[in-house]
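Me: Hi! Could you walk me through the salt bridges in this one?

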Amino acid sequence: MATTQLTASSISTRNLSSFEGLRTSSIQFRSKNVRIGTPTQRLFPSMVVKAATVVAPKHTLLKPLGDRVLVKIKDAEEKTVGGIILPSTAQSKPQGGEVVAVGEGKTVGNNKVEISVKAGAQVVYSKYAGTEVEFNGSKHLILKDDDIVGILETDEVKDLKPLSDRVLIKVAEAEKKTAGGLLLTEATKEKPSVGTVIAVGPGSVDDEGNRTPLSITPGNTVLYSKYAGNDFKGKDGSDYIALRALDVMAILT
């Protein structure tokens, strides 16, 4: 039986009615030629269709509800500080972005609590928070207002303005020697849990919707729980951590 030779370039999207609605960029052919023989072979076994989680193009507005916020995710760093290009597997997951839209807030008790950020603000949020969506050709994140760690309008971590009951701490340097004078390698250094408070948030919201100021103030030396909060590296090489006030166990004097 005679067969027909087709190339990928000779197949248009009009001939692929069963794939209507998918972007043409998501359809790829692994081989240059596609052979159509008997009816049982007309299944395009070499075709690969990649599906993406996107908001349909017909929707031009995404409005967060309640205490949710829509954030446009900042691109991952492709180079180190020294200019070395990072492969995609080594690029750190972005934790910051620009607020695009905010919800109407929530009601606690008899009071209405508004969103703590406004559209246009540059924010830092907790790792793995929210739901990622692709909208208008860019990656966005829908997350709760409480998942936003703080506002950061510069490239300096020390300028972070914590929100809610969060605290920004400059971490004390780890001990480089044991009590006996032995030098410690980076892998064996004990992770410090002591630091100096740089900035504090306005406080948490109680059951009546009122904010309760924090008892911790900038300049305090504190002891905090290990592995709590979000870690950051400052441009000066110093380590910082943003965590909730409940994770601060004591003030050291």
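**Salt bridges and a buried strand residue**

Reply: Arg244 is partly exposed, at 24% relative accessibility (buried is under 20% relative accessible area, exposed over 50%, partly exposed in between, with a 1.4 Å probe and protein chains only). Salt bridges with shared partners bring Arg244, Asp146 and Asp165 into one network; a salt bridge puts a side-chain nitrogen of Lys or Arg within 4 Å of a carboxyl oxygen of Asp or Glu. This is a predicted model, where local features need pLDDT of at least 70, side-chain atom pairs count only at pLDDT 80 or more, and totals for chains, interfaces and linings use all residues. Residues are numbered from 1 along each chain as its sequence is written, and side-chain values use heavy atoms, leaving out hydrogens and water.

Me: How many salt bridges does the structure hold?

Reply: Five. One of them joins Asp67 and Lys144, at 3.5 Å from N to O. Asp67 sits in the loop between strands E4 and E5 and Lys144 in strand E11, so this pair ties together parts 77 residues apart in sequence. Strands here are DSSP runs (E, at least two residues), numbered from the N terminus.

Me: Is Asp67 buried or exposed?

Reply: Asp67 is buried, at 13%, while Lys144 is partly exposed at 35%.

Me: New topic: where is Ile169?

Reply: In strand E14, residues 166-171. Ile169 is buried, with 0% relative accessibility.

Me: What is Ile169 in contact with?

Reply: Leaving aside neighbours within four places in sequence, its contacts include Val197, Tyr224 and Leu243 (contact means heavy atoms within 4.5 Å).

Conventions:
Helices (H or I, at least four residues) and strands (E, at least two) are DSSP runs, numbered from the N terminus.
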